[in-house]
Amino acid sequence: MEASLLASKFTDIYGHQPSALSTAPGRVNLIGEFTDYNLGYVLPCALNFTTQVMFKPTSDNTITVYSLNYPGEHDRFAAKDDIVEGPSQWGNYVRAVAYVLRRRGYELAGVELLITSDVPQGAGLSSSAALEVSIAGAFNHAFNLGISAQDIALIGQQAENEFMHCQCGIMDQLISAKGEPGSALKIDCRDLSTESVAIPDDLSLVIVNSNYPRKLVESEYNQRRLDCENAADKLGVETLRDATLERLNAVKAALTDNEYKRAHHVITENERVVNTMQALRDNDMSALRKLLTASHVSLRDNFEVTVPATDGLVEIIGGALGERGAVRMTGGGFGGAVICLCREQDIADVKAAVDAQYEAKFGLKADIFVCQAGTGLSVQTLT
Ligand code: ADP
Ligand code: MG
């Protein structure tokens, strides 16, 4: 939203002008799936869908927050009292960030906040990370806390883990906090070091949410993790990050079928992340297509986290674009979204193919989001 329009809405609510604006993006993971807890690589990209927070510190102890996405609701809590869950589901994300800052020893005070966002919620674009990071950016600026972008990400993750009780990794918050303009970010999940890779200007990111109802998958996730840990043990490495295919094949007989397949996915997926960075630098659609296809096949056959609906979307889109696009499932699997990289002029073909085939085959309506690479957290003082 235009900053001036959001500022005028802030003034409507609070009776005076805001002093600054914090903006953080949603994200999509281009490649590097289920590599994070094996301390490998991921390659997410910030989107041009963002969460914006207009704010102004006050001289009292009250944190007040409104969201244009939840009209008629607001949340309010005392900055210096114990921070506990409140009545507002979305307001709790703001409390969560405040809670973690306080636990880390930062002093908070009163502030007025107004949120708006065009990041679709619950669609696999991580609106929650965009919210946590933009709010942490606002607190950081409002109270002069001097927190680095990496720590803002860690604070967002901790807020989600400890207050919202959602066990996410660091990827979503780190790309939202540290994404550079128009670039994907390779994250090394062992030491959180990052390397940015420019997304070619003529590459569109099309995200198609399957809307497949994700069932209880917690035990499936836990089993995958265990398989990975057991495989690493048998390979004699600390995590699969340090394993090679040669070593895996050498000790194959000692592994269960599932341990072998999970490890095979993780080892090859890490290689694909590195190769995808080069394919992006070369703007090489054919290489991107091979890499994303191989990732999807590996997630389907070896990690076994796809469902017919996401396999179907990949087939439908891949079939429509052929050499003109690269497509795979993205995110946690068992439903969720697929990501397609293609040229702008080919987006219409993606939409037409999904419209014509997906609902007919799977009885579900897909949501299609056309995005560009965006930029990470920015906070600006308004003049
Ligand atoms: P996602 O995959 O989009 O991250 P989550 O369920 O993790 O889905 O997070 C969505 C939740 O984040 C929403 O239910 C809401 O509580 C909160 N949220 C996201 N964006 C906003 C916003 N603009 N205003 C208020 N709350 C928001
Ligand atoms: Mg989320």
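For my tallies by class, Ala, Val, Leu, Ile, Met, Phe, Trp, Tyr, Cys and Pro count as nonpolar, Asp, Glu, Lys and Arg as charged, and the others, Gly among them, as polar. I also noted that this is a predicted model.

**Entry: the second largest pocket**

I began with the volume, and the second largest pocket holds about 160 Å³ of space. Next I sorted its lining by class and found two nonpolar residues, nine polar and one charged. I listed the lining residues too, including Met 1, Leu 21, Asp 118 and Gln 380. Then I checked which elements supply at least two residues each to this lining: β1 (20-31), β2 (41-57), β5 and β12 (378-381) do.

**Entry: ligand 1**

I turned to the shell of 16 residues around ligand 1, where Ser 67, Asn 69, Gln 89, Gly 122 and Ser 127 come nearest. I looked up some polar pairs next. The side chain of Ser 67 places an N or O atom 2.8 Å from a nitrogen of the ligand. An oxygen of ligand 1 lies 2.8 Å from a polar side-chain atom of Gln 89. For Ser 127, an N or O atom of the side chain is 2.7 Å from a ligand oxygen. I then looked at burial: ligand 1 exposes 570 Å² when taken alone, and the protein buries 83% of that. The elements giving two or more residues to the shell are β5 (111-117) and α3 (127-142), and α3 gives the most, with three.

How does the shell around ligand 1 divide by class, and how many of its residues are charged? I counted six nonpolar, ten polar and no charged residues.

Conventions:
Residues are numbered from 1 along each chain as its sequence is written. Chains are lettered from A and ligands numbered from 1 in the order in which they are written. This is a predicted model: local features need pLDDT of at least 70, side-chain atom pairs count only at pLDDT 80 or more; totals for chains, interfaces and linings use all residues. Side-chain values use heavy atoms; hydrogens and water are left out. A residue is near a molecule or strand if one of its heavy atoms lies within 4 Å of it. A polar contact is a pair of N or O atoms within 3.5 Å; within protein, one must be able to donate a hydrogen and the other to accept it, and residues adjacent in sequence count only if both atoms are side-chain atoms. Accessible areas come from the Shrake-Rupley method with a 1.4 Å probe; for residues, only the protein chains shown count as cover. Helices (H or I, at least four residues) and strands (E, at least two) are DSSP runs, numbered from the N terminus. On a 1 Å grid over the protein atoms alone, a cavity is a set of points where a 1.4 Å probe fits but cannot get out, and a pocket is an open set with protein on both sides within 12 Å along at least five of seven lines; lining residues have an atom within 4 Å of a point. Grid points are joined across faces, edges and corners, and a volume is the space filled by probe spheres set on the points.
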